[in-house]
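Good morning, everyone. Please bring up the sequence and the 3D view, and keep both open while I talk.

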Amino acid sequence: MATKLNNARYYLLSFIYDFALQWFYRPLVRQLVDVINQQPGENVLEIGVGTGITIPYYTHYKQVTGIDCSWSMLQVARKRAQDYPNTRIALKHAAAEEYNLGPAAFEQIVFCNSLSVIENPKLVLSAYYNQLQAGGSLYILNHFTAESGLLRWVDKLLTPVGKVLGFKSFFPLQTLLDPETMSDVTTLVNGYWRIVQIKKPLYAHETN
């Protein structure tokens, strides 16, 4: 996610990102953050914060750390954060693969339209799940390839386009999950774009 090619892509996308996504994506973002705001715990890590489209919706009870590998998108996010002084957010330049969050530093970890642009999403998801506080949750808002049907084939056909644009078009959810550890998985919003919660047990012996 931190390659020079991706940085060039994100520089160009930073000018149109919000406009391109606003008409269908913003309501999902608000639903995602509303769910997070209702959860216990103060500390939230958002991976791939981008232009800060989530910033207006976090409650002031949350202390948010947002990371992104794109300087240009972070600049947009910093300007947006100035318009929402009640949102407690620290914005940092870092790639998901390189960020060291420390053991059990966050109660909620969020991937908002970012997981499918990571080179090895399963590895990254597992690493952050392991660092999550016991009883905490991972939240993912992303497109996910259907298990069957026409859209599954469309995603496969669009794979070359996705490679050029820097995201994975063919992106089935089940291939990302470790069934031995990630057993408590809930789809909060269903459809092509989904909001998924992965809850970490409070105790190591708990299972779903």
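From the N terminus on, the elements run α-α-β-β-α-β-β-α-β-α-α-β-β. That gives six helices and seven strands. Helices (H or I, at least four residues) and strands (E, at least two) are DSSP runs, numbered from the N terminus.

Some ground rules. This is a predicted model, where local features need pLDDT of at least 70, side-chain atom pairs count only at pLDDT 80 or more, and totals for chains, interfaces and linings use all residues. Residues are numbered from 1 along each chain as its sequence is written, and side-chain values use heavy atoms, with hydrogens and water left out.

Now the whole chain. The protein has 208 residues, and 48% of them count as buried. Buried means under 20% relative accessible area, exposed means over 50%, and partly exposed is in between (1.4 Å probe, protein chains only). Next, contacts: heavy atoms within 4.5 Å. Take the contacts with a separation of 6 or more. Residues 24 or more positions apart account for 73% of them.

Let's go to helix 4, residues 121-131. Which of the residues of helix 4 are buried? They are P121, V124, L125, Y128 and Y129. These residues cover an arc of only 135° around the axis, so they sit on the same side of helix 4. The arc is taken from the directions from the helix axis to the C-beta atoms. Here is the general rule: an α-helix has 3.6 residues a turn, so residues three or four places apart point the same way. What covers the buried residues of helix 4? The cover includes strand 1 (43-47), strand 2 (63-68), strand 4 (108-112), strand 5 (137-143) and strand 7 (193-199).

That takes us to the cores. A nonpolar core is a set of buried Ala, Val, Leu, Ile, Met, Phe, Trp, Tyr and Cys residues, joined through side-chain atoms within 4.5 Å. The largest one has 27 residues. Those with the most contacts inside it are L45, I109, F111, L125, Y128, L138 and I198. Strand 1, strand 4, helix 4, strand 5 and strand 7 each supply at least two residues of this core. Which element gives the most to this core? Helix 4 does, with four residues.

Zoom in on L138. Leave aside its neighbours within four places in sequence. L138 is then in contact with I109, F111, L125, Y128, Y129, L132, V196, Q197 and I198. There is also a second, separate core of 24 residues, and it includes Y57, V64, L74 and L141.

On to the rings. Rings of Phe, Tyr and Trp (its six-membered ring) pair if their centres lie within 6.5 Å; planes under 30 degrees apart count as stacked, over 60 as edge-to-face and the rest as tilted. By this rule there are three aromatic pairs. I'll show two. In one, the ring centres of Y25 and W193 are 5.4 Å apart and the planes are at 65°, so the pair is edge-to-face. Y25 is in helix 2 (residues 17-37) and W193 in strand 7, 168 residues apart, and the pair links these distant parts of the chain. Y25 counts as buried, at 0% relative accessibility.

Now F111 and Y128. Their ring centres are 6.0 Å apart and their planes are at 85°, so this pair is edge-to-face. F111 lies in strand 4 and Y128 in helix 4, so the pair ties together parts 17 residues apart in sequence. F111 is buried, with a relative accessible area of 0%. Y128 counts as buried too, at 3%.

Charges meet rings as well. A charge sits over a ring if NZ of Lys or CZ of Arg is within 6 Å of the ring centre and within 35 degrees of the ring normal. K156 lies over the face of W153, at 4.6 Å from the ring centre. K200 lies over the face of Y129, at 5.6 Å.

Last stop: V33, in helix 2. Is V33 buried or exposed? V33 is buried, with a relative accessible area of 0%. Not counting residues up to four places away in sequence, V33 touches T54, Y57 and Y58.
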